[in-house]
Every structure is written in structure tokens, then in C-alpha cells.
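Please examine the sequence and the model shown below. A briefing follows, grouped by topic.

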Amino acid sequence: MHLNAPILLLTILLSQSFLSTLEMSYISLQAGHVGLIDTTYRWKFPIPYILSDSLDLNAKGAVYQAFEMYRLKSCVDFKTLGSISRFKQNFIPKSDQCCSHVGELQTGQVLYLGPGCDHKAVIEHELLHALGFYHTHCCVFFNIIGQYLDFSEMDIVRLNRMYNCSSSLTLLDQSTFENINICGMIQSSTDDADWVHLKSSPGAEDHTHNLGYTMHFDTSTGNAEQSALLESRILYPKWKIQGFPFPADEDKTWKIGHVPMQIGAKFHYAFQGVRGDPGNSEGGIFIDDIRLTETHCPAAVWCIQNFSSILETADYNTVLNSPCFYSPEGYGFGLYFHLASGDNDIVMQWPAVNRQPTIVVMDQDPDIKLRMSSARSLTTDMSTVETNTNTKLIWDNPRNVGTFDPSC
Ligand SMILES: [Ca+2]
Ligand SMILES: [Ca+2]
Ligand SMILES: [Zn+2]
């Protein structure tokens with residue numbers, strides 16, 4: 001390859017010869033992630049990269065998810081140089097491995113994503129190597145790969161120290177309401193009431209650490225249609241997309257809410273509580289652990305209450321049925337991922353191919369940078385399933401290929 005500047009090439013390898021030497025050098029690395037000390041092996045940001053055409057859609061989607069995590073948790077950024085067809089793709093050897101050189105080689109380098117490497121956490125892990133990190137011991141490596149977990153807290157600390165990241169690229173604001181300054185949010189003085197910074201008590205725990213603080217708006221007193229506005233400080237977007245997850249207490253259990261936003265100019269956000277009939281209300285509205293990130297918002301959130309105790313008694317055959325959701329486009333679906341018939345079926349395109357659902361078991365650490373969520377993605381395609389009478393496309397209209405489920 002003739003490359004003018006160092007690039008990172010994310011690819012599936014294409015021929016066998018180079019593999020043995022690569023694996024040797026890869027395995028002989030010291031086995032957590034300890035960083036290279038020599039600063040000449042460090043990248044300048046944004047790191048230019050090319051995605052090989054040999055990566056399938058699912059792998060490409062997972063690469064973008066990994067990039068999103070780097071931008072959320074560090075100042076590491078990536079910039080595409082377009083398609084690989086400009087370069088001699090045949091020079092890149094083939095492998096079924098997930099592996100990377102450690103540090104920047106300054107000549108351009110390949111990050112290998114073989115079959116089975118198309119998971120966000122695996123790609124995050126290989127990128128950590130490319131950024132200059134070794135394993136501290138082998139077990140950390142297998143742990144992360146096996147569980148498909150995000151960065152550990154120590155990974156983030158070391159990464160941000162190595163690259164002098166003082167802030168992340170895409171996290172705009174987060175608040176647990178644990179401090180009296182309520183994260184610089186402002187109570188409007190032109191409305192009827194204020195939100196109250198409330199210490200929680202047993203039986204009415206907050207979302208951060210059970211006996212912390214929430215913001216509360218009492219709806220059982222006052223008069224109907226009275227409102228209270230809680231406004232953020234002014235924020236400046238750096239990217240085009242923003243997502244806004246926050247838990248809100250509805251039926252005395254915390255619910256995770258998300259608001260997708262697209263804002264190009266400076267802005268602030270606000271929570272407005274409005275009283276209904278105080279005579280018919282026994283409580284109020286609680287909010288806690290809000291965070292504003294420039295990442296994709298989940299299309300649907302399924303909160304499973306008492307998940308830990310379900311997990312204790314569950315065996316391999318235990319199945320929980322999710323409610324039915326809609327994708328932003330309009331497709332109905334349920335989890336364990338399958339399509340479900342919905343109100344929009346008549347106008348949707350069928351089969352629904354090249355869509356990438358990602359199922360995330362969300363770590364609810366109040367600090368979003370420390371979350372170790374577990375994610376799996378799949379990409380819908382033209383694959384089929386044989387039935388007694390005919391062959392069906394798996395991702396075709398469920399009204400034609402599905403079975404009736406009265407609970408959905
Ligand atoms: Ca007020
Ligand atoms: Ca809190
Ligand atoms: Zn590794």
C-alpha cells in the first residue's frame with residue numbers, strides 16, 4: 001500500500017500468508033491494558049481510517065457504535081478517508097482473527113476484524129490496542145471479549161491520561177442532583193411553583209444510589225394547571241445528533257425516558273411539571289440522573305423490574321416476553337428480536353433488510369462514562385426459513401410470515 005499519512009484500516013483480512021507472523025507478534029505481547037510509554041506511537045486526532053469493502057453491514061455498524069463510545073468517553077476521534085478501493089486491497093492478508101498492532105506504526109496499519117468480531121465491545125478492545133494499550137493479563141482480555149462489555153473504568157482513566165483528554169467529545173451535560181447547586185439548573189421565577197431538591201427515603205429511593213437526591217414536583221397540592229419550569233444552562237452542540245435519556249418515576253418505579261433531538265445552535269433544555277387535579281393526585285413527578293449526550297437514542301427501552309432476582313431463579317429456558325415497540329421508521333418489533341405486525345405495515349417496505357437492531361443490556365451507573373453495557377447487534381438480510389409448505393423470508397411482513405400472538 002502506498003499511503004501518504006498513517007491510517008487505520010479496519011478490515012477482514014484477505015489472504016493467509018501474513019497471518020502467522022502477525023499472530024506471533026500479537027500473541028507475544030504482554031498480556032487490562034497498560035499503555036505504551038513511547039509517545040511516538042501515539043495517534044494525532046482525528047485518526048484517519050478506511051473501512052474495507054469486505055466488512056459486512058453488521059460489522060460496519062458495530063464499528064460506528066465503537067467510535068460513538070470513544071467520542072462519548074474520551075477525546076479520541078476518527079475521520080473516514082472514504083473507500084478502500086483506492087488502495088490495493090489484495091495486499092491485505094486474510095484472517096479470522098480480531099487483532100491489532102499496539103500503537104501507531106506511522107506507516108499505516110490494519111486492524112483485523114474477522115468473522116465474529118462484529119461486536120461493539122470487541123472493536124473497542126482492538127482499537128485500544130491500536131491506540132497503544134497492552135493487556136495486563138490474559139484473563140481481562142477473555143473476560144471482556146466473552147461478555148461483550150464496554151470499556152472498564154480503568155480503561156477510560158488510562159486512555160484519557162495517555163491522550164491528555166480533558167473532556168469527552170460528545171457528552172454535553174449530566175446530573176445526578178446530588179449537589180445543592182443542582183448542576184447549574186435554574187428555577188424559572190415567572191411560573192407558579194418550583195421543583196424541590198428532595199432527599200430520598202427508604203421506600204422512595206432515588207435513581208443514583210437509593211438514598212440520594214432527586215428533583216420533585218408535587219402534584220397533590222396547589223391548583224390545576226399550575227406549572228414549574230426547571231431550565232438547564234446554555235449548551236453548545238458539537239455534533240448533529242443529541243439524545244437525552246433520563247429516568248422518571250411514574251408508578252413508583254423508575255422508568256428510563258429518552259428524547260431524541262437534533263439541534264445545530266446553542267440551546268438549553270427544560271423540564272416542565274404541570275399539575276392536573278391535585279385532588280386526584282397522591283404524589284408528584286420525580287426526575288434524576290439526567291444526561292445529554294451526542295449519541296443515538298435507543299428506539300425503545302424495556303425496564304425489567306427486579307432483574308437481579310429474576311436472574312437468580314432463571315435457567316437456560318427462562319423466557320421473558322417484551323412489550324411491542326416501534327422503530328423510528330415505523331416497524332413494529334419485540335425482543336428477543338423479531339418483527340411484529342404493527343399499524344404501519346401497509347406502508348412499510350418489505351422485506352425489512354439492511355436494518356441493524358442493537359440490543360443493549362444497560363448498565364445504569366449514574367456516570368455515563370463509566371457504564372459497562374453489554375450490546376449485541378444483528379443486521380437483517382434476505383435469509384429464509386423453511387416451513388412445511390414453503391420458504392419464508394425471515395424479515396418479511398409478519399402479517400404474511402408470522403404467527404398470531406394474542407398478547408402482542
Ligand atoms: Ca418556578
Ligand atoms: Ca440522584
Ligand atoms: Zn486484546
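The donor residues of the calcium ion (ligand 1) follow the sequence spacing S-x2-D-x1-A-D. This is a predicted model, in which local features need pLDDT of at least 70 and side-chain atom pairs count only at pLDDT 80 or more, while totals for chains, interfaces and linings use all residues; side-chain values use heavy atoms, with hydrogens and water left out. Residues are numbered from 1 along each chain as its sequence is written, and chains are lettered from A and ligands numbered from 1 in the order in which they are written.

**Calcium ion (ligand 1)**

- The protein donors of this ion are Ser 188 (O), Asp 191 (OD), Asp 191 (OD), Ala 193 (O) and Asp 194 (OD), at 2.2 to 3.1 Å.
- Donors are N, O and S atoms within 2.8 Å of the metal (3.2 Å for Na, K and Ca); water is not among the atoms, so sites may look incomplete.
- Ser 188 is buried, with a relative accessibility of 10%. Buried stands for under 20% relative accessible area, exposed for over 50%, and partly exposed for the range in between (1.4 Å probe, protein chains only).

**Calcium ion (ligand 2)**

- Thr 176 (O), Glu 178 (OE), Asp 206 (OD), Thr 208 (OG1), Tyr 213 (O), Asp 288 (OD) and Asp 288 (OD) coordinate the calcium ion (ligand 2) at 2.3 to 2.6 Å.
- The donor residues of the calcium ion (ligand 2) are spaced T-x1-E-x27-D-x1-T-x4-Y-x74-D in sequence.
- Distant parts of the chain are linked here: Glu 178 belongs to the loop between β8 (171-175) and β9 (186-187), and Asp 288 to the loop between β16 (284-287) and β17 (290-293), 110 residues apart. Helices (H or I, at least four residues) and strands (E, at least two) are DSSP runs, numbered from the N terminus.
- Glu 178 is partly exposed at 21% relative accessibility, whereas Asp 288 is buried at 0%.

**Helix α3 and the annotated histidines**

- Helix α3 (residues 120-130) is largely enclosed by the rest of the structure, because eleven of its eleven residues are buried.
- Among the buried residues of α3 are Lys 120, Glu 124, His 125, Glu 126 and His 129.
- Just after α3, Gly 132 adopts a positive phi of about 120°.
- An unreviewed UniProt entry carries the annotation "binding site" for His 125, His 129 and His 135. UniProt positions are given in the numbering used here, feature names are shortened, and annotations may be inferred rather than shown by experiment.
- His 129 lies in helix α3 and is buried, at 1% relative accessibility.
- His 135 is located in the loop between β7 (133-134) and α4 (138-147), and it is buried with a relative accessible area of 10%.

**A three-stranded sheet**

- The strand order β9-β12-β15 describes an open sheet of three strands with antiparallel pairing. Its edge strands are β9 and β15 (270-274), each of which pairs on one side only.
- Two strands pair if DSSP finds at least two bridges between them.
- Strand β12 (residues 227-231) and β15 run antiparallel and are joined by five bridges.
- Ala 228 has Gly 273 in β15 as its bridge partner.

**Disulfides and other cysteines**

- The structure contains two disulfides, a disulfide being a pair of cysteine sulfur atoms within 2.5 Å.
- Cys 75 and Cys 165 form a disulfide with their sulfur atoms 2.0 Å apart. This pair links distant parts of the chain: Cys 75 is in the loop between α2 (57-73) and β4 (78-83), and Cys 165 is in the loop between α5 (153-162) and β8, 90 residues apart.
- The disulfide of Cys 75 and Cys 165 is left-handed, because the torsion about its S-S bond is about -75°. Both Cys 75 and Cys 165 are buried.
- Cys 98 and Cys 117 form a disulfide with a sulfur separation of 2.1 Å. Here too the pair links distant parts of the chain, with Cys 98 in strand β5 (residues 98-100) and Cys 117 in the loop between β6 (109-113) and α3, 19 residues apart.
- The link of Cys 98 and Cys 117 is left-handed, with -90° about the S-S bond.
- Cys 98 is partly exposed, with a relative accessible area of 24%, while Cys 117 is buried, with 1%.
- Cys 99 takes part in no disulfide, and the nearest cysteine sulfur, that of Cys 98, is 7.4 Å away. Cys 99 is buried, at 3% relative accessible area.
- Cys 303 is partly exposed, with a relative accessible area of 26%.
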